[in-house]
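Here is a friendly walk through one model, written for someone who likes to know the cut-offs behind each term. Have the viewer open and follow along.

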Amino acid sequence: MAPIPGSGLAKGLAVTLRTMTRKTVTAQYPDVQPDLPPRTRGVIGLFEENCTVCMLCARECPDWCIYIDSHKETVPAAAPGGRERSRNVLDRFAIDFSLCMYCGICIEVCPFDALFWSPEFEYAETDIRELTHERDKLREWMWTVPAPPALDPAAEEPKEIAAARKAADKLAAEAEAEAEAEAAAEAAAEAGADAEDRAAGADGQAAEEGPA
Ligand code: SF4
Ligand code: SF4
């Protein structure tokens, strides 16, 4: 059957009208920044103070795109007679984001909480070499990492916080006991001085009155 003349136009207009009444889903980026979920995998930040150069992240990375250089340093003994220790010092930490597949394994395996996801994603480059972010840049990303969500009020207190609170309570109790002991010693010293004064006063009076 031959199509009715103008039916195609009518169908097209119907689609246009239907679409006009729907809520728009087009993101107006870059004029409007997207509202990303907090756990977005945008870029990796490095908190290098926590990094012990254990190399776990570099070893576990499936793309071998984490580059770490370090050297050993001798730390003198903390007390006389103690042993010297050696520790790793970080020289280079870089991630090549042109190879990274954003799997998050490095962040998961880091035992010292030195790597974090940041939702930042605007770091496209025209030169692929610029996608290797060295430690300074990785540290800059660290400041864009969102704060962790608040704990569930009904959740069990984390062991670290419980231990820290216990230690703080113990220190406060010791300081209070010390202050109380000092106050008691001061009070005893004052009472002793008063008694001496009274005894001296009584002796003086007896000497003035003389023998009966
Ligand atoms: S996210 Fe995955 S691929 Fe990227 S650096 Fe970490 S382990 Fe490697
Ligand atoms: S796993 Fe963590 S602590 Fe170990 S080298 Fe990587 S970032 Fe540093």
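## Around ligand 1

Ligand 1 is surrounded by 13 residues, the closest being Cys 61, Cys 100, Cys 103, Ile 105 and Cys 106; a residue counts here if its C-beta atom, placed from the backbone, lies within 6 Å of the molecule. By class, this shell holds eleven nonpolar residues, one polar and one charged. In this scheme Ala, Val, Leu, Ile, Met, Phe, Trp, Tyr, Cys and Pro are nonpolar, Asp, Glu, Lys and Arg are charged, and the others, Gly among them, are polar.

This is a predicted model, in which local features need pLDDT of at least 70, side-chain atom pairs count only at pLDDT 80 or more, and totals for chains, interfaces and linings use all residues. Residues are numbered from 1 along each chain as its sequence is written, while chains are lettered from A and ligands numbered from 1 in the order in which they are written.

## The annotated cysteines

An unreviewed UniProt entry lists Cys 61, Cys 100, Cys 103 and Cys 106 under "binding site"; such annotations, given in the numbering used here with shortened feature names, may be inferred rather than shown by experiment. These four are spread over 46 residues of sequence yet cluster in space, with a largest C-alpha distance of 10.5 Å.

Cys 103 sits in the loop between strand 3 and helix 3 (105-109), and Cys 106 is in helix 3. Helices (H or I, at least four residues) and strands (E, at least two) are DSSP runs numbered from the N terminus. Is Cys 106 buried or exposed? Cys 106 is buried, because it has 23 C-beta neighbours inside 10 Å, whereas Cys 103, with 13 other C-beta atoms within 10 Å, is partly exposed. Buried means 20 or more other C-beta atoms within 10 Å of a residue's own, exposed 12 or fewer, and partly exposed in between, with C-beta atoms placed from the backbone.

## The nonpolar core

Cys 106 is also among the residues with the most contacts inside the largest nonpolar core, which has 18 residues. Such a core is a set of buried Ala, Val, Leu, Ile, Met, Phe, Trp, Tyr and Cys residues joined through C-beta atoms within 7 Å. Strand 1 (43-46), strand 3 (85-96), strand 4 (115-118) and helix 4 (135-142) each supply at least two residues of this core, and strand 1 gives the largest share, three residues.

## Around ligand 2

The shell of ligand 2 includes Cys 51, Cys 57, Phe 112 and Leu 115. By class, it has eleven nonpolar residues, one polar and no charged ones.
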